[in-house]
Amino acid sequence: MKKYLLPAIISGVVLLAFSYLALVFTVKFMPALAEEYYNPVFSLNWDKAPMFFLHPFILSLALAWFWERFKDLFKGSIWFRGLELGLVYGIVATLPSTWMTFSAMSVSLTMVLTWFFYGLVQASIAGWILAKMNP
């Protein structure tokens, strides 16, 4: 369990910090994109805010479970294995969900593409941590 839970928690903390940095980067360098979040389709109600901050930990636990189960299929260096996990997650989970979001909600293609890229980077970061701590 320690092989699974500790890397997931550490990955969750790192992803939470990455989420904050991505938010700061978006506001500073892509203000028009940040402005899109004031669209009524997004709930800015603080009763759901904890869900946003729990997301990195939920993702990390799910990816740690997936990693434990399928890590033998990923070959190469830690960096390549982590990137490959990110790509698998991106294709299997992020692409379909962003496709559905774009087709069902009034959001820009730029926003959806940044979500897709963000998901790839998030999963790759988690993959690097998991590959390092639980080879």
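View 1. Gly119 counts as buried, with 5% relative accessibility (buried is under 20% relative accessible area, exposed is over 50%, and partly exposed is in between, using a 1.4 Å probe and protein chains only). Setting aside neighbours within four places in sequence, Gly119 is in contact with Tyr89 and Thr94, where contact means heavy atoms within 4.5 Å. Gly119 and Leu87 sit 32 residues apart in sequence, and their C-alpha atoms are 9.2 Å apart.

A word on the model: it is predicted, so local features need pLDDT of at least 70 and side-chain atom pairs need pLDDT 80 or more, while totals for chains, interfaces and linings use all residues. Residues are numbered from 1 along each chain as its sequence is written, and side-chain values use heavy atoms, leaving out hydrogens and water.

**View 2. Arg81, buried without a salt bridge.** Arg81 belongs to helix α4, residues 78-104. Arg81 is buried but has no salt bridge, and the nearest side chain of opposite charge, Asp72, is 5.6 Å away (a salt bridge puts a side-chain nitrogen of Lys or Arg within 4 Å of a carboxyl oxygen of Asp or Glu; for charge, Lys and Arg are positive, Asp and Glu negative, and His and the chain ends are not counted). What the Arg81 side chain does have is a polar atom 3.0 Å from the backbone oxygen of Phe74. Beyond neighbours within four places in sequence, the contacts of Arg81 include Trp67, Lys71, Ala131 and Pro135.

**View 3. Glu68 and Lys71, paired up.** Side chains of opposite charge can pair when their charged atoms come close. Here Glu68 forms a salt bridge with Lys71, with the closest N and O atoms 3.6 Å apart. The count of salt bridges comes to 1. Glu68 is partly exposed at 32% relative accessible area, whereas Lys71 is buried at 9%.

**View 4. The largest pocket.** This pocket holds about 1,700 Å³ of space (a pocket is an open set of points on a 1 Å grid over the protein atoms alone, where a 1.4 Å probe fits, with protein on both sides within 12 Å along at least five of seven lines; lining residues have an atom within 4 Å of a point). Its lining takes in 40 residues, with Leu23, Tyr37, Phe52, Trp115 and Tyr118 nearest the centre. Elements giving two or more residues to that lining are α1 (2-29), α2 (31-35), α3 (49-70), α4 and α5. The biggest giver is α1, with 9 residues.

Conventions. Helices (H or I, at least four residues) and strands (E, at least two) are DSSP runs, numbered from the N terminus. A polar contact is a pair of N or O atoms within 3.5 Å; within protein, one must be able to donate a hydrogen and the other to accept it, and residues adjacent in sequence count only if both atoms are side-chain atoms. Grid points are joined across faces, edges and corners, and a volume is the space filled by probe spheres set on the points.
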